[in-house]
Amino acid sequence: MALGAWVLRALAFFQGSGPMGYPLDYDEGVYFSAASLLLRGDLPYRDFIFVHPPGGLLLWAPGAALTLGLDAATAYGVTRYLAATVGALCVFLAGRVAWRAWGPLAGCVAALAYATYPEATLVERGTFLEPLLNVLCLGFANLWLAPGPHSRARRIGAGVLLGLAISVKIPGGLWLVAALCARPGKESWRHALLPVLVAFATFAVVVGPLAALAPSEFFRDVITFQALRPYDGEPDRWRLHDIFHERRLGEVLLALVGLGTACVRAFRARPEHRPAARLFACAFILSVVLFLTSRTYWNQYNAHLAASEAVLAGLGASVLQAFSVRWGRAASRAVAVLVLAAACLPGAWHVVQSGQRQDLDVMALAKYLRADVPPKACLFSFEPGWALAAGRLPMGATPIVDGYATMLQDAMSTGDRFDDTAEALSAPEAQQALRVMLDSCRFVILGERGTWQLTPESLPWFKQRFVRRFPPGDTGGVDLWEHR
């Protein structure tokens, strides 16, 4: 199943334009560009704004290291296959932990559910943070829930994985809370303390060196920004629908059965059966609460929910199959087939459909950039992925990796609070800093994002100073402008 999951993800890269023809999301362009700059000596927080802990940059560094010897676009194309491999490993780990806890059917359903989870598949085609977060949390769960006595080495290993997860994205800490709630009945708090201490030590080792070089900037970017940023993403009233979306209908129903079972087993089952149910139920509930209360939510965040939801779907499938045994062997087999189908439908259809997308406008722009824009000319792209498709990384003494976060930071630096992101981007402080940066560059890739981030006052200013070079005429698409 893990191999099949890899194929489902990688099929998107075998279209006519290759791995770079598949659309690049804003976030993956930011993370890969930041990791590449880190290897060149430009450090997050000190030299450019980065609003997450640095663990994701370090873990994607093997792919980013390819940019030291290869064209950046080629390096990213290879890294996309690596991301698909991370997704396949997540499928294996989800199936393994469910198989060990509740039997073969649970393992197969959990693996299928994760393999065809639409949001997880989308992010496991690029250098997002969620694939790393999921593989570390599922790896932790496999160690934490392994049968037999918990040796010191196993507890240390679990703590290291959990610490790395938190160093990738702060919500990884929810799994620490879930693990403490899922502490095996015979395990003392003294034994549970070791992996907690190791997790904090690992986090300090990964984050500490970069945070120590710019402590105030680190706190501003990672803590203050996330706590005070204006609302963005899906409206509150739609979040619950997106979290339990019908594109995962079968899996969601199985997961809810599993969640109910986990809540019952947390109190009634034998002690050795409680940890797995408690761990994944707590992780799932805490993640949902976080999404509902967060100031920013996009449905791609559901990719992290896949780690707990898929395993709970496995539990739900095993419960339904066990319940059907009383009706005879034929009924039991029929239920097993039905839950296997439910685990991957209709998610599998959405996964296949998403793999057929191609971003031909960006590929055309990349071809033009390679042919007509000097390699050393200053180029700023409102979407870093657009420049990455042409083999370009952010440039300058103080490179702008995340223009969106940079503008929000400039707006928030006055101490003002904004109701939403659009209001913050329209603030004079954000627009003034953007104008200075644009005026210093010869070429700018504008596109829809640039038009959105520029106010009605700044857009005429931009067009007075820049002339459009690509595409010709008034056709739409991602456009390149040159300073007059």
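A pocket, in the sense used here, is an open set of grid points where a 1.4 Å probe fits, with protein on both sides within 12 Å along at least five of seven lines. Keep that in mind as you look at this predicted model.

Start with the largest pocket. About 940 Å³ of space lies in it. The lining of this pocket has 35 residues, and H52, K169, Q226, R229 and Y301 are the closest to its centre. Which kinds of residue make up the lining of the largest pocket? The lining divides into 20 nonpolar, six polar and nine charged residues. Several elements contribute at least two lining residues each, among them helices α2 (26-39), α8 (130-144), α12 (215-228) and α15 (274-293). Strand β2 (296-297) also supplies at least two, as do α21 (403-412) and α24 (447-453).

Now move to the surface. L3, V7, L11 and F14 make a nonpolar patch there, with an area of about 420 Å². Find F14 in the loop between α1 (2-10) and α2. Is F14 buried or exposed? F14 counts as exposed because its relative accessibility is 54%, and the cut-off for exposed is over 50%.

Next come the salt bridges. The count is 14. One of them joins the side chains of E124 and R9, with 2.7 Å from N to O. This pair links distant parts of the chain. E124 sits in the loop between α7 (118-123) and α8, R9 sits in helix α1, and the two are 115 residues apart. Both E124 and R9 are buried.

A second bridge joins E28 and R80, at 3.1 Å from N to O. Again the pair links distant parts of the chain. E28 belongs to helix α2 and R80 to helix α5 (residues 72-102), 52 residues apart. Both E28 and R80 are buried.

The side chains of R239 and D236 meet at 3.4 Å, N to O. Both residues lie in helix α13 (residues 236-243), three residues apart, which is about one turn of the helix. R239 counts as buried because its relative accessible area is 1%, and buried means under 20%. Salt bridges can also form a network, and here one links E119, R247, R248 and E309.

Stay in helix α13 for H241. This residue has a relative accessible area of 35%, so H241 is partly exposed. How many residues along the chain separate H241 from Q358? They are 117 residues apart, and their C-alpha atoms are separated by 28 Å.

Finally, look at the backbone. Most residues other than glycine have a negative phi, and most peptide bonds are trans. A few places here are worth checking against that rule.

The peptide bond from L345 to P346 is cis, with omega near 0 degrees. P346 lies in the loop between α17 (329-344) and α18 (347-354). Another cis peptide bond joins F470 and P471, where omega is about -5 degrees. P471 is in the loop between β5 (466-470) and β6 (480-483).

Then there is Y45. It is not a glycine, yet Y45 has a positive phi of about 75 degrees. Where does Y45 lie? It is found in the loop between α2 and α3 (55-59). With a relative accessible area of 2%, Y45 is buried.

Key: Residues are numbered from 1 along each chain as its sequence is written. This is a predicted model: local features need pLDDT of at least 70, side-chain atom pairs count only at pLDDT 80 or more; totals for chains, interfaces and linings use all residues. Side-chain values use heavy atoms; hydrogens and water are left out. On a 1 Å grid over the protein atoms alone, a cavity is a set of points where a 1.4 Å probe fits but cannot get out, and a pocket is an open set with protein on both sides within 12 Å along at least five of seven lines; lining residues have an atom within 4 Å of a point. Grid points are joined across faces, edges and corners, and a volume is the space filled by probe spheres set on the points. Helices (H or I, at least four residues) and strands (E, at least two) are DSSP runs, numbered from the N terminus. Ala, Val, Leu, Ile, Met, Phe, Trp, Tyr, Cys and Pro count as nonpolar, Asp, Glu, Lys and Arg as charged, and the others, Gly among them, as polar. Patches are made of residues with over 30% relative accessible area and no salt bridge: like charges are joined within 9 Å, nonpolar side chains (Val, Leu, Ile, Met, Phe, Trp, Tyr) within 5 Å. Accessible areas come from the Shrake-Rupley method with a 1.4 Å probe; for residues, only the protein chains shown count as cover. A salt bridge is a side-chain nitrogen of Lys or Arg within 4 Å of a carboxyl oxygen of Asp or Glu. Buried means under 20% relative accessible area, exposed over 50%, partly exposed in between (1.4 Å probe, protein chains only).
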